[in-house]
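These are my notebook entries on one structure, written as I looked things up. I kept each entry to what I could look up directly.

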Amino acid sequence: MAQSFLMEVCVDSVESAVNAERGGAGRLELCSSLLEGGLTPSLGLLQVVKQYIKIPVYVMIRPRGGDFLYSDQEMEVMRKDIELMKSQGADGLVLGALTEDGRVDSELCMELLAVARPLPVTFHRAFDMVHDPAVALEALISLGFQRVLTSGCDSSALEGLPLIKRLIDQAKGRIIVMPGGGITERNLQRILEGSGAQEFHCSARSGRDSAMKFRNSFVAMGAAFSASEYSLKVADVSKVRTLNAIAKNTL
């Protein structure tokens with residue numbers, strides 16, 4: 001019996017969403033600002049993506065970049081965003097919160113999960129910032145998260161592969177452990193075979209030059225270290241197809 005793998009692609013535009021579905025993705029993680037690791041997308045983006053897409057769309061709930069220690073006001077924003085995204089057809093949600101000492105913030109997560117119900121919820125890569133991954137995994141299982149996205153608490157899923165395998169063994173099917181972080185056609189097979197994962201997460205993007213003919217190279221819209229205003233990153237149909245084919249051929 002051939003194993004079937006589910007590919008989730010993170011996207012921050014309608015074009016990327018369409019390309020990911022066309023390439024064979026099984027689920028989308030919808031964000032804004034993938035350069036910042038993904039933030040809460042606009043309601044407009046969700047509405048338009050839902051018009052074009054049939055596969056499930058899981059929406060990122062993350063009010064800002066940086067750490068995962070949230071204030072009361074940020075919690076209010078996350079609760080409101082969950083309610084709004086639910087009302088606009090989100091198929092699932094992606095969120096996470098930590099305490100200052102690097103544990104899963106069970107209290108905050110419980111509150112957000114209550115608002116999210118009955119939608120499935122993924123705990124995002126805040127998991128990679130925890131102090132004790134084995135303890136954190138049990139916390140997520142108790143809270144009722146459907147899955148956790150992780151690079152194995154390392155710089156990429158390939159580096160974190162030994163921990164990802166241990167987490168999947170520990171989970172024993174009680175929660176889906178989904179590797180993500182730097183997954184490409186070069187390392188996907190090793191990650192799937194080495195971990196035993198059933199799902200994986202990638203961006204499958206390639207760079208593209210802006211169509212702007214007039215350019216002002218002296219101005220940047222954000223911090224100086226950010227990407228150029230004149231380069232775009234978009235999910236690439238052929239990259240998604242290749243990843244899907246590798247997953248299908250992996251035993």
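Leaving aside its neighbours within four places in sequence, which residues is S151 in contact with? Before answering, I noted that this is a predicted model, in which local features need pLDDT of at least 70 and side-chain atom pairs count only at pLDDT 80 or more, while totals for chains, interfaces and linings use all residues. I also noted that residues are numbered from 1 along each chain as its sequence is written, and that side-chain values use heavy atoms, with hydrogens and water left out. I then looked up the contacts of S151 and found R125, D128, S156, A157, G160, I164 and G180, where contact means heavy atoms within 4.5 Å. S151 sits in the loop between β6 (147-150) and α6; helices (H or I, at least four residues) and strands (E, at least two) are DSSP runs, numbered from the N terminus. With a relative accessible area of 0%, S151 is buried, a word that means under 20% relative accessible area, with exposed over 50% and partly exposed in between (1.4 Å probe, protein chains only).

C153 lies in the loop between β6 and α6 as well, and I found that its phi is near 55 degrees, a positive value in a residue other than glycine. C153 is partly exposed, at a relative accessible area of 27%.

Entry 2, the sheet. I followed an open sheet of eight strands in the order β7-β6-β5-β4-β3-β2-β1-β8, and its pairing is parallel; two strands pair if DSSP finds at least two bridges between them. At the edges I found β7 (176-179) and β8 (199-202), each of which pairs on one side only. Neighbouring strands of this sheet are turned by 25 degrees against each other on average, direction ignored. As one example I took β1 (residues 6-11) and β2 (residues 27-30), which pair in the parallel sense over four bridges, and within this pair I noted that V11 has L30 of β2 as its bridge partner.

I looked up helix α6 (residues 161-171) and helix α7 (residues 188-195), whose axes come within 9 Å and cross at roughly 40 degrees; axes are lines fitted to C-alpha atoms, for helices over the stretch in contact, and angles run from 0 to 180 degrees between N-to-C directions. That angle makes α6 oblique to α7, because angles under 35 degrees count as roughly parallel, over 145 as roughly antiparallel, 65 to 115 as roughly perpendicular and the rest as oblique. On the α6 side the contact is made by L161, I164, K165 and I168, and on the α7 side by R190, I191, G194 and S195. I sorted this contact by class into four nonpolar, two polar and two charged residues, where Ala, Val, Leu, Ile, Met, Phe, Trp, Tyr, Cys and Pro count as nonpolar, Asp, Glu, Lys and Arg as charged, and the others, Gly among them, as polar.

Helix α8 (residues 237-249) packs with α7 at an angle of about 35 degrees, and their axes are 9 Å apart. L188, Q189 and L192 of α7 meet L243, I246 and A247 of α8, and this contact has five nonpolar, one polar and no charged residues.

Helix α1 (residues 14-23) and α8 also pack at an angle of about 35 degrees, with their axes 8 Å apart. Here I listed N19, A20, R22 and G23 of α1 with V237, V240, R241 and N244 of α8, which divide into three nonpolar, three polar and two charged residues. The buried residues of α1 are S16, A17, V18, N19, A20 and G23, and they pack against β1, β2, α2 (43-52), β10 (231-235) and α8. Just after α1, I found G24 with a positive phi of about 110 degrees.

D105, in the loop between β4 (92-95) and α4 (106-116), is buried at a relative accessible area of 14%. D105 and A139 are 34 residues apart in sequence and 9.0 Å apart in space, C-alpha to C-alpha. Last, I checked P118, which is found in the loop between α4 and β5 (121-123), and the peptide bond from R117 to P118 is cis, with omega near 5 degrees.
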